[in-house]
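Reader: I should like to work through a structure feature by feature. Please give the general idea where there is one, and then the case at hand.

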Amino acid sequence: MNTSPLRTPLRIGQLDVAGRLFKSATHETRATVDGAVTDELLDFYRPMVEAGTPLIITGNMFVSWQGKSAHRQAGIHCDEMLPGLKEWAQLTHSGGSKLFAQLNHGGRQMVRPAPGVPDSVSASARREKAQGTLPRPLRLDEFPTLIESFAAAAARAQEAGMDGVQIQMSHGYLLSQFLSPESNRRSDAYGGNANKRMQLPLEIYRAVRRRVGPEFPIIVKLNGTDTIPIGGVRLADQIELAVRLQDEGLDGVEITRGHFSSFPSTTSGHFKGYVTAQATKGAMQEASLQRRLAMRALAPVLEFGLERAFPYREGYNLPQAQQFSKALDIPVITVGGFQTPAAMAHAISSGATDAVSCARGLIANPYLYRDLDEPRSDIPACTYCNRCIGVAGGLPIACYDPSVASPLARTFEESR
């Protein structure tokens with residue numbers, strides 16, 4: 001009998017999940033330009049389903065055209081998406097896995113707004129540092145429409161047969177922009193102190209809960225730290241938000257860190273070629289010529305610094321996650337460089353977290369959950385080269401490290 005904590009069931013709200021290794025959200029770049037599900041997108045998830053991965057969280061799905069932040073990003077913004085969403089749920093259930101849709105609005109975190117959208121919005125008119133986007137502040141009369149977009153998206157996930165939703169409140173996207181004092185300089189009911197900065201995330205959660213009912217699982221993704229030296233969120237405030245959400249019926253929380261927009265502090269590992277890849281193959285290839293030239297010129301220095309600032313280690317969000325675990329009764333999920341069964345099992349058995357999630361480990365080996373007990377040396381393993389993240393928003397999500405024998409690695413090498 002397998003007694004590994006990774007094989008132990010976990011209850012999230014009213015949902016029983018068969019194990020405790022989950023797939024965390026990723027940039028997929030495999031939908032149509034309008035956000036519809038494609039065979040290419042489903043093919044990315046098929047091996048994870050075949051492996052019996054207990055819970056799969058989709059890539060960040062835009063809840064409105066205003067919130068679309070990436071090329072070929074999957075959408076859950078209108079009813080026309082329902083046929084593809086239903087196919088996605090059916091595929092996931094065919095292997096016994098559960099599927100949560102991650103609901104997201106990009107806010108200022110986009111190279112440029114979607115076609116037909118005049119401008120990007122944020123909590124305040126604070127320029128996004130990496131992509132250079134200058135948003136306008138969200139007007140008070142726009143809040144009802146924004147809140148409704150999240151509620152309607154959750155209802156679509158429920159109608160499509162998905163098993164729950166995750167509201168993205170981290171990584172520098174819109175709700176994270178409201179939570180962070182660096183990006184939220186408002187002086188109205190939605191800014192000015194930590195309590196007011198929580199107001200929009202709380203209102204969106206309440207609207208989603210009203211729409212889907214008390215039994216449909218809702219979890220959120222929260223930063224334990226923004227990794228911003230001055231002006232980022234305080235861990236104590238994030239824990240307070242999680243407690244307030246729990247008191248209102250939240251079913252779980254996934255802990256992460258950082259902003260995609262500032263630096264790749266959401267990740268760790270190796271960064272050689274990362275900045276250049278972003279400018280030539282990833283989302284930043286749509287940025288201004290001046291910004292792309294600057295990135296390529298500064299790439300060696302930036303990559304040298306990133307390599308030292310964010311070295312690879314498994315479970316780098318566990319110190320913050322443990323503080324959430326102490327304060328909460330609902331399940332805490334932790335992402336952050338997990339790959340080896342020993343490290344994942346220890347994170348759970350130590351009490352720091354109730355479950356672990358990973359992205360890069362499953363990109364390199366989508367059969368990771370099946371292979372947890374396999375001692376074979378030929379099992380693919382992530383090298384944390386971060387090429388998959390470097391090309392995000394440009395090339396389809398895949399492992400681009402030729403040493404892992406990825407079929408798409410040649411695409412990366414030939415285009416260098």
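Predicted model: local features only at pLDDT ≥ 70, side-chain atom pairs only at ≥ 80, totals over all residues.

Reader: Which residues of H2 are buried?

Author: The general idea comes from helix geometry. An α-helix has 3.6 residues a turn, so residues three or four places apart point the same way. In H2, the buried residues are Leu82, Gly84, Leu85, Trp88, Ala89, Leu91 and Thr92. Trp88 also takes part in a cluster with Phe44 and Tyr45, linked by ring pairs.

Reader: What span should H2 have at 1.5 Å a residue?

Author: Helix H2 (residues 82-94) has 13 residues and should therefore span 18 Å; its end C-alpha atoms are 18 Å apart, in agreement. After H2 comes Gly96, with a positive phi near 85 degrees.

Reader: How is H7 to be read, and which of its residues are buried?

Author: The buried residues of H7 are Asp237, Gln238, Ile239, Leu241, Ala242, Leu245 and Gln246. They pack against H4, H5, helix H6 (199-212), E9 and helix H10 (318-327). The 13 residues of H7 should span 18 Å at 1.5 Å a residue, and the 18 Å between its end C-alpha atoms agrees with this. Just after H7, Gly249 has a positive phi of about 110 degrees.

Reader: Which residues does Leu179 contact, leaving aside its neighbours within four places in sequence?

Author: Leu179 is placed in helix H4. Its contacts, with those neighbours left aside, are Met169, Arg197, Met198, Pro201, Leu222, Val233, Gln238 and Leu241. Gln238 and Leu241 are among the buried residues of H7. Leu179 itself counts as buried, because its relative accessibility is 6%, under the 20% cut-off. As for distance, Leu179 and Arg112 are 67 residues apart along the chain, and their C-alpha atoms are separated by 22 Å.

Reader: How should a positive phi be read in a residue other than glycine?

Author: Most residues other than glycine have a negative phi, and most peptide bonds are trans. Here, Arg72 has a positive phi, near 55 degrees, and is found in the loop between E4 and H2. Thr227, which is not a glycine, has a positive phi of about 55 degrees.

Reader: Where is Thr227 placed, and is Thr227 buried or partly exposed?

Author: Thr227 lies in the loop between strand E9 (218-225) and helix H7 (235-247). At 30% relative accessibility, Thr227 counts as partly exposed.

Reader: How many aromatic pairs does a search of the whole structure find?

Author: The search finds 7 aromatic pairs. One of them joins Phe143 and Tyr190, a tilted pair with 4.2 Å centre to centre and 35 degrees between the planes. Phe143 belongs to helix H3 (residues 143-159) and Tyr190 to the loop between helix H4 (174-179) and helix H5 (194-197), so this pair ties together parts 47 residues apart in sequence. Phe143 counts as buried at 2% relative accessibility, and Tyr190 counts as buried at 11%.

Reader: Which ring does the charged end of Arg308 sit over?

Author: The charged end of Arg308 sits over the ring of Phe304, 3.6 Å from its centre. In another case, Arg7 lies over the face of Tyr369, 4.4 Å from the ring centre.

Reader: What radius of gyration does the protein chain have, and what would a compact globule have?

Author: A compact globule of 416 residues would have a radius of gyration near 22 Å; the protein chain has 20 Å, which agrees. The chain has 14 helices and 12 strands, and 62% of its 416 residues count as buried. Among contacts between residues at least 6 apart in sequence, 71% join residues at least 24 apart.

Methods
Residues numbered from 1 in each chain as written. Heavy atoms only, no water. Phe/Tyr/Trp six-rings, centres within 6.5 Å; stacked < 30°, edge-to-face > 60°. Helix = DSSP H or I, 4+ residues; strand = E, 2+ residues; numbered from the N terminus. Buried < 20%, exposed > 50% of the residue type's maximum accessible area, 1.4 Å probe, protein only. Lys NZ or Arg CZ within 6 Å of the ring centre and 35° of its normal. Rg over C-alpha atoms; globule rule 2.2 N^0.38 Å. Contact = heavy atoms within 4.5 Å. Expected span 1.5 Å × (residues − 1).
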